[in-house]
Amino acid sequence: MGLNVAQKLIKDHLVSGEMTPGAEIGLKIDQTLTQDATGTMVMLELEAMGVDRAKTEASAQYVDHNLIQEDSKNPDDHLFLQSAAKRFGLYYSKPGNGVSHPVHMQRLARPGKTLLGSDSHTCANGCMGMLAIGAGGIDVAMAIAGEPFYVKMPKVWGVKVTGELPEWVSAKDVILEMLRRHGVKAAANHVFEYYGPGVKNLSAMDRHVIANMGAELGATGTVFPSDEETRRFMKQEQREDEWIELVADEGATYDLEEEINLSELEPMIAKPTSPGNVVPVREVAGEPIYQSYIGSSANPGYRDFAIASKIVEGRKVAENVSFDLNPTSRQMLLDLSKEGHIANFIQAGGRLHQAGCNGCIGMGQAPATGRNSLRTTPRNFPGRSGTKEDRVFLVSPETAAASALTGVITDPRTLDMKYPKVDEPKNPTVDVDLLQEPLPEEEAKQVELVKGPNIATIPKMDALPEDLEVPILLKMGDDISTDEILAGGARVLPYRSNLPEISKFCFEIVDETYYDRAMKIRDQGGHAIVGGQNYGQGSSREHAALAPRYLGLKVAIVKDFARIHWQNLANFGILPVTFVNEEDWNVLEQGDILQFNQLRDKIQESNQLEVKVKGKDKTIKVEHALSPRQLEFILMGGLINWVKERLNR
């Protein structure tokens, strides 16, 4: 039987386990990606583990999230990351170079390779015929150190693409249609693979848009074939010699199959406050807007900006609209300038920001209270924009530009104009020196890490106790995101290297009293939390596990977990368990005291545990899905302790 592309990539990198869906497998990692919101912790972990030099084919550290320099914390961390990249043998991309995912695609991505990144949208580079997966920072640190990446063998979800996109419809509408069909958790433990005759009608950057937001469906990754379009893109980037063809074998099959006919699609929009809350734009047309925002890793291509430029050319945006432009790379900004698109934006009343993630992660450009913000970003979780009561809609560049002109949500097909034609630049900019090269090994060993006053050592993590008695400090419902567990944005992320400080923001969107209540009992045994479905969806940032751990979180009991957060909890010694009977979620109340007896023995003997509710004559059953390898470091208090013990043998 022939193999599909995802299976080929996994088979070529399999170092342990069997390719049976649900079984734990170990994968050799060729490349890694870290960005500044997560990379500082990765570099501290490399230091704590005593790693000497990156063992990967290519590892890159990007600075794209924390670009605002309102005080010394962010620039200090930029210097630390630059010194760490030199010390550990990594490529380095300085502030202003652009968003990690499209820059990596331009300069380092290679068909047939694996990429692990400490950013959930690392999956975007699956557009290049790679197996690209987002993970917690410590998993990436382990990969940099040459260790395999462990993940449950995913099922492969084949999406046959037919047809061609109509006018006024683009790649963002493709992935929004997938989210309309399936919601934000349907693809957990799956890899999407797009194939079929319609794939040739999607450019490499179109594929990036679709692969990027596979994360919003809960997927482990998204894979496209490496074909002539991939070759064209790499030739444009002066890297054609690194191209290989990688396509599914004839007769390849998929665990799940569906079809998406590009010709039948229309402009789509995700309403607040979930990427899965998708309807056709025409259904909400006419609602007034405050902001229209174009950019981010979810629409990073030249045509995404150029089409918006052509729509607003010679016109003015509505007087009450903030029209925000966020170029995704320095290369892109140069080409947009040379072709006159920046001038079109400016004359129309647009606001030009630096190349980077910016408002996507809440780093500036927050909308006004209660006003509608249209964004081409990948997420609209509550408060992610930086405004607590935000109303963020996710749209295509066409819809964003059309709505900026009218001042209300607008189906772009209703504009009184022809669909603009956009051609790529005849001589696109290629900055081959965009990334600072790794230093030679002997020179790298002499580099001292530059640590500003905001960088704190990772505190020691205690081992899992034999008996545990903890109160439920917080009870939550479904779809709690990592942005709600620990917000991003300009207030919070500058403390990413200082765990005691960043922990003060923990769960503030859910319950502002959590931090104070947790600190009162942190040294008295800690606490537990209870959640619903899809707990921990969204960002891969491990601070959403580290901060609660610092505050004494010992056990998380939920209906089910999002993949990356589940792994992050285990990595830092927090026991992640799910209800055997989901109805027991109704039994537990905030403030209940949970008793785990002979815990260390029981989690090794069975994947099911009985938990007593003290003083209420109640017992519930929970279960874990931890592998023997994960149990080993859970017992030791986390992966850092496990690595230290191995290095000291």
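**Sheet and helix pair: how do we know?**

Tutor: Three strands make an open sheet, ordered E1-E2-E8, with antiparallel pairing. This is a predicted model, where local features need pLDDT of at least 70, side-chain atom pairs count only at pLDDT 80 or more, and totals for chains, interfaces and linings use all residues. Residues are numbered from 1 along each chain as its sequence is written, and side-chain values use heavy atoms, leaving out hydrogens and water.

Student: What makes E1 and E8 stand at the edges?

Tutor: Strand E1 (14-16) and strand E8 (149-152) each have a single partner strand, so one side of each has no neighbour in the sheet.

Student: How do you know that E2 and E8 pair?

Tutor: Two strands pair if DSSP finds at least two bridges between them. Strand E2 (residues 24-27) is joined to E8 by four bridges, so the pair passes that test. Within it, Glu-24 sits opposite Lys-152 in E8.

Student: Now the helices. Why are H9 and H12 called roughly parallel?

Tutor: Helix H9 (residues 302-312) and helix H12 (residues 397-406) pack at an angle of about 25°, their axes 9 Å apart. Angles under 35 degrees count as roughly parallel, over 145 as roughly antiparallel, 65 to 115 as roughly perpendicular and the rest as oblique. H9 and H12 are therefore roughly parallel.

Student: Which residues in H9 meet H12?

Tutor: Among them are Ile-307 and Ala-308 in H9, and the residues they and their neighbours in the list meet include Ala-401 and Leu-405 in H12. Contact means heavy atoms within 4.5 Å.

Notes:
Axes fitted to C-alpha atoms, helices over the stretch in contact; angles between N-to-C directions. Helix = DSSP H or I, 4+ residues; strand = E, 2+ residues; numbered from the N terminus.
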